[in-house]
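Hi everyone, thanks for coming. I'd like to walk you through a structure that may be new to you, so please have a look at the screen.

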Amino acid sequence: MIQAQESQTIKGSINKMTDGKVLVTGAGGFIGGHLVEYLKNKGAKEIVAIDKKPYDQWYQVHDYADNRVSDLQYLENCNDAVKGVDWVYNLAADMGGMGFIENNKALCMLSVLINTHMLEAARHADVSRFFYASSACVYNGEKQQDVNNPGLKEEDAYPALAEDGYGWEKLFSERMCRHFEEDFNITCRVARFHNVYGPFGTYDGGREKAPAAMCRKVINAKLTGDHNIEIWGDGEQTRSFMYIDDCTNGIDKIMESHIDFPINLGSDEMVSINQLVSIVEDIAGITLDRHYKLDAPKGVRGRSSDNTLIKKELDWAPNISLREGMEKTYAWIYDQMTAKATV
Ligand code: NAD
């Protein structure tokens, strides 16, 4: 693992997020939309929010932000985006749940253009700090073959055997951040997110992740009376899921910190997919007949976050239990689905 060091001289002049202008990329997406709100509540004075999607597809559009539609795979758009900006939170990426990343490896790898061009633009614009959203998909697949995974430690990314496509792009981009910091002195902070979930995210269409997909399937069963549910794999595969409020708070802590190496940001409350389904059934007050689709994309056998390092370095731990977070997520998806049904 790359060792923690004291941060080097900071490029640019802004040492606190609230003293400058911040840019959130991927702001029309799930985490980006929540992050804009978090930063505003924390006292950000000027926020630029960028996404390539048209506004009507943004999960949240915050009026107080300088919202822009721009495709950040192009260097000239990145140069425009960082003008006058002090801190960058780079969350833009082409991504989705297992069904998306297993079937769109080239698209996922093309996100390398976004981070590369954003870093290049940021260093020329004298940006003080740069956050990069990495993923648990960087971890070596051989260390995730057991459902009783004790939790992935930061050093488990090497020797490298990342998730094909998406994970390799994340691992490469992490290293770009590291070398931009070493060679060009731009302070980079990198978090490895483990499955984030919550309201204002995707729950259908192919990019959704397990928590939202389970809510949609259970709600659908409740609304239609068809009490069958399809589960990808045998349901015994394990994961951990972090509620969005824990994620935005963790991003903030990491960005403000001295941690100059990629660090886990996730929950260590590991559950099987079957247990996740049971939680959602319990929230909905129904029991469904489970049908296992064994040839569906299912990812690694066991994955969870080892939070030893982030606890020790930043005193960060998730606050919101899976049950509590799933209740909020279920309620939001239920409202969306019933509102659509009545249109
Ligand atoms: P999301 O898909 O909801 O948001 C990503 C946003 O980036 C989208 O709105 C998309 O339109 C935008 N985008 C894609 N290409 C772009 C481009 N060329 N220019 C401008 N915008 C572009 O995903 P999310 O869940 O909010 O994830 C945010 C970040 O966190 C991503 O980098 C993702 O890889 C990472 N991450 C997320 C999770 C998770 O569980 N959600 C887990 C690990 C890592």
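Let me start with a question: how far is a nitrogen atom of the ligand from an N or O atom in the side chain of Asp 71? The distance is 2.7 Å. Please keep in mind that this is a predicted model.

Let's stay with the ligand for a moment. It is surrounded by 27 residues, and the closest are Ile 31, Asp 51, Asp 71, Tyr 166 and Val 196. Asp 51 places a polar side-chain atom 2.6 Å from an oxygen atom of the ligand. With Lys 52 it is the backbone that takes part: one of its polar backbone atoms is 3.2 Å from a nitrogen atom of the ligand.

On the helix 5 side, the contact is made by Val 112, Asn 115, Thr 116, Leu 119, Glu 120 and Arg 123. Helix 6 brings Glu 169, Phe 172, Ser 173, Met 176, Cys 177, Phe 180 and Phe 184. Sorted by class, the contact of helix 5 with helix 6 has 7 nonpolar, 3 polar and 3 charged residues.

Next, please find helix 11, residues 322-342. Helix 7, residues 210-224, packs against helix 11 at an angle of about 55°, and the axes are 9 Å apart. Helix 7 and helix 11 are therefore oblique to each other, and their crossing is right-handed. From helix 7, the residues in this contact include Pro 211, Ala 212, Cys 215 and Arg 216; from helix 11, they include Met 326, Tyr 330, Ile 333 and Met 337. The contact of helix 7 with helix 11 divides into 11 nonpolar, 3 polar and 2 charged residues.

Which residues does Arg 216 touch, leaving aside its neighbours within four places in sequence? They are Tyr 203, Asp 204, Glu 208, Ile 333 and Met 337. As for Leu 72, Arg 216 is 144 residues from it in sequence and 31 Å from it in space, C-alpha to C-alpha.

Helix 11 also meets helix 9, residues 273-284. The axes of helix 9 and helix 11 come within 10 Å and cross at roughly 55°, and that makes helix 9 oblique to helix 11. Helix 9 passes helix 11 in a right-handed crossing. Here Leu 276, Ile 279, Val 280, Asp 282, Ile 283 and Ala 284 of helix 9 meet Leu 322, Arg 323, Met 326, Glu 327 and Tyr 330 of helix 11. By class, the contact of helix 9 with helix 11 has 8 nonpolar and 3 charged residues, with no polar ones.

Finally, two spots in the loops. Where is Pro 159 found? It is in the loop between strand 5 (129-135) and helix 6, and the peptide bond from Tyr 158 to Pro 159 is cis, with omega near 0°. In the loop between strand 7 (196-197) and helix 7 you will find Phe 200. Phi of Phe 200 is near 60°, a positive value in a residue other than glycine.

Conventions: Residues are numbered from 1 along each chain as its sequence is written. This is a predicted model: local features need pLDDT of at least 70, side-chain atom pairs count only at pLDDT 80 or more; totals for chains, interfaces and linings use all residues. Side-chain values use heavy atoms; hydrogens and water are left out. Contact means heavy atoms within 4.5 Å. Helices (H or I, at least four residues) and strands (E, at least two) are DSSP runs, numbered from the N terminus. Ala, Val, Leu, Ile, Met, Phe, Trp, Tyr, Cys and Pro count as nonpolar, Asp, Glu, Lys and Arg as charged, and the others, Gly among them, as polar. A residue is near a molecule or strand if one of its heavy atoms lies within 4 Å of it. A polar contact is a pair of N or O atoms within 3.5 Å; within protein, one must be able to donate a hydrogen and the other to accept it, and residues adjacent in sequence count only if both atoms are side-chain atoms. Axes are lines fitted to C-alpha atoms, for helices over the stretch in contact, and angles run from 0 to 180 degrees between N-to-C directions. Angles under 35 degrees count as roughly parallel, over 145 as roughly antiparallel, 65 to 115 as roughly perpendicular and the rest as oblique. A crossing is left-handed if the near helix is turned anticlockwise from the far one by less than a right angle, and right-handed if clockwise.
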